[in-house]
Amino acid sequence: MIIKQNVSLLAYNTFKIDATAKVLAIIENLPDLETLCNPPYSTIFPRLFMGGGSNLLFTHNYEGIIVHSQIKGIEKVFESESETWLKAGSGIIWDDFVAYCVKLGLGGVENLSDIPGCVGSAPVQNIGAYGMEAKDTIVEVQCHNLATNETLVLKNSECQFGYRDSIFKTPGFRNCFITHVTFCLKKQYEAVSHYGTIEQELEKFADRSVRSVRRAVINIRRNKLPPAELGSAGSFFKNPVVGNEKYAALLENYPEMPVYKLTEGEYKIPAAWLIEKAGLKGIKHNNAGTYIKQPLVIVNYGKASGKEIADFSYFIRQKVYEQFKIMLEPEVNFV
Ligand code: EPU
């Protein structure tokens, strides 16, 4: 285990916020986690588990211990004529895992190409993009409970997956550090291309292989999302879901409003559209702004502090609320 004290978190969060952590523990294996269950580490609080730091906003220095996974390794745990199950360490960079699967010609995660973060964050957020979610491929999640020093394995059905949500976000799992995730990948494969411009982009390729889908997704993302040099955490807000009454009222005023019907009585409205319609696309307050090509993404244009980004996000929420009476909910976690 690597322990660092009073360390800058600049290299550990994609928002590029220069906060510090009192203690940073870098975990490489299960014995490292067992060490953390004993003094002096077990007495340091508060405690934060951090993957790729791609969904966090540090609004102040962290006065406790941050536990960061560097657990690597991919193991084939099951194979049949149609499926391969891979068990991956939580510290593997998510896109490296996707690239690994694509190289083997396995389908199931290619639409999730180029998403920042690590394997261990995928189930927490139930990451999703272009008609695919991590939950569609996850078989089980292994974690270590630092309060009890026990390993537990949750089957997919026990993970309570929802839109950018899972049991791992609930207080009962506060002490559970994800060590491995097992995925079921498909050998026989059909491109998932119904979402947005995937089909259009895919037509530029000679075939519909997993490799082509990955390239298509990367092309679309690189065209719309900020480059890694700019600090951001991807989508800052969740897409809000409204009921029948609210939907009807919005439609009356904005007949052109895009919408995804989830169920009878549940409509998902793109937050990007609400922000753009409120005149907030591409705006900048000092070093914080909404990205010009995708306003759902808040960008750190320079050396913004976490507080500056947080204040800017409150401004966006307030403006959207004034116009639509919808309060956007952050997807990013404030620390
Ligand atoms: N839109 C606008 N203006 C814009 C951009 C988009 O009005 O400038 C509207 C359009 O109507 C568009 C709709 O918003 O059709 C949806 O836009 P997009 O397809 O870009 O997706 P999103 O709903 O804004 C979600 C995820 C992204 C994911 C994309 C693609 C959330 C919170 N975000 O964004 O995930 O990449 O779909 O599947 O669900 C992330 O979570 O960090 C992330 C980037």
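**Exercise 1.** Are F236 and F237 buried or exposed, and how do their rings pair?

*Solution.* Keep in mind that this is a predicted model.
- Step 1: Start with accessibility. F236 is buried, and F237 is buried too.
- Step 2: Now look at the rings. Their centres lie 5.1 Å apart, with 65 degrees between the planes. Planes over 60 degrees apart count as edge-to-face, and F236 and F237 form such a pair.
- Step 3: Widen the view. Ring pairs join F236 and F237 with F15, Y314 and F334 in a cluster.

**Exercise 2.** Let's turn to another pair: which geometry do Y195 and Y260 adopt, and where in the chain do they lie?

*Solution.* 
- Step 1: The whole structure holds 17 aromatic pairs. In the pair of Y195 and Y260, the rings are 6.4 Å centre to centre with 20 degrees between the planes, and the pair is stacked.
- Step 2: Y195 belongs to the loop between β12 (176-186) and α4 (198-202), while Y260 is in strand β15 (residues 260-263).
- Step 3: Check the surroundings. Y195 is partly exposed at 34% relative accessible area, and Y260 is partly exposed at 40%.

Methods:
Residues numbered from 1 in each chain as written. Predicted model: local features only at pLDDT ≥ 70, side-chain atom pairs only at ≥ 80, totals over all residues. Heavy atoms only, no water. Phe/Tyr/Trp six-rings, centres within 6.5 Å; stacked < 30°, edge-to-face > 60°. Helix = DSSP H or I, 4+ residues; strand = E, 2+ residues; numbered from the N terminus. Buried < 20%, exposed > 50% of the residue type's maximum accessible area, 1.4 Å probe, protein only.
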